[in-house]
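Here are a few friendly notes to read alongside the model.

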Amino acid sequence: MMNYRDSLKNFPILKIQETDSTNNYLNELSRNKILKEFTTVTAYFQTAGRGQRGNGWESEPGENLLFSFIVYPEFLDIRKQFILSRIISLSIKKVLDHYVSDISIKWPNDIYRKDLKICGTLIENEFQGSIWKKSIAGIGININQLEFGKTTRNPVSLRQITGERHEINKILSGVMSCFMFYYEELRKGNTEDVITEYHNSLYRKDGFHLYRDANGEFMARTGRILPEGTLILIDENGNNREYAFKEVEYVL
Ligand code: BTN
């Protein structure tokens, strides 16, 4: 069996002490030179970590896993671009499942432990016409931090759940190994299993729950997620409601 230190040698890693954001750092770097696929940047500390919806990403120095990696998914159909999000989320879930129970994926790509958020992902894509040129996936997993600021919504760390510190590099190695496996599956055209696995891993997969859209709150159950990433919720009247990211909020 390969140990995690060996598997960290399967892709180039740059370990940065401090940067504004690993996504920005990797993006800049990729503009100046050709980087091997899966090149990864980790940071001990981010001075301006970026989250979804223009939010920040909080992390105490050295306590959590903060990283970004680059891929060139030219073989993927941009009309079905949500497939990349699916395999990133599944890779993170797979690794966290080894540590704790009740890990799920909150559409589109947050990772939850019960009703608390343990990980966030910021994927930045670059397309040229219909060609998918590159993606930078930035991932923040709360590992050893014990207290979070008031501005961070419903956070949780692995240590808060298990009561123990965890080896950050081991989790990085696990996520990247899983991701590379899934990515090769996509290259072979094996997408059906990924789609099923993603669906089965969803937060609020079953039953009716409370949501909020531009028209107010409503109860709905999860339907399908379309290839480009649109979420379908089925309300209590049986109507399908379609949402792009940011158009609907989960009321927790
Ligand atoms: C979210 O809002 O849920 C997304 C958070 C993404 C945070 C990670 S930390 C590493 C990478 N660098 C960033 O600036 N953001 C991502």
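**Notes on the pocket, a helix and a loop residue**

1. S6 is the element that gives the most to the lining of the largest pocket, with four residues. Please keep in mind that this is a predicted model. At least two lining residues each also come from H2, S3, strand S5 (110-113), S7 and strand S12 (249-250).

2. The largest pocket holds about 800 Å³ of space. It is lined by 41 residues, and the closest to its centre are Gln52, Asn55, Gly56, Trp57 and Lys117. Sorted by class, the lining of the largest pocket has 18 polar, 14 nonpolar and nine charged residues.

3. Now to helix H2 (residues 22-32), where Thr22, Asn23, Leu26, Leu29 and Ser30 are buried. Viewed down the axis of H2, these buried residues fall within an arc of 135 degrees, so they line one face of the helix. The face turned away from that buried side carries the exposed residues Glu28 and Asn32.

4. What do the buried residues of H2 pack against? Their partners are strand S1 (13-19), strand S2 (40-46), strand S3 (65-71), strand S6 (116-128) and S7. At the start of H2, a side-chain oxygen of Ser21 comes within 3.2 Å of the backbone nitrogen of Asn23.

5. Last, a look at Arg153, in the loop between strand S7 (131-141) and helix H4 (158-162). Is Arg153 buried or exposed? Its relative accessibility is 54%, so Arg153 counts as exposed. Leaving aside residues up to four places away in sequence, Arg153 touches Glu249, Tyr250 and Leu252.

Terms used. Residues numbered from 1 in each chain as written. Predicted model: local features only at pLDDT ≥ 70, side-chain atom pairs only at ≥ 80, totals over all residues. Heavy atoms only, no water. Buried < 20%, exposed > 50% of the residue type's maximum accessible area, 1.4 Å probe, protein only. Contact = heavy atoms within 4.5 Å. Arc of directions from axis to C-beta. Polar contact = N/O pair within 3.5 Å; in protein donor to acceptor, adjacent residues only side chain to side chain. 1 Å grid on protein atoms, 1.4 Å probe; cavity = no way out; pocket = protein on both sides within 12 Å on 5 of 7 lines; lining within 4 Å. Points joined across faces, edges and corners; volume = space filled by probe spheres on them. Nonpolar A, V, L, I, M, F, W, Y, C, P; charged D, E, K, R; others polar.
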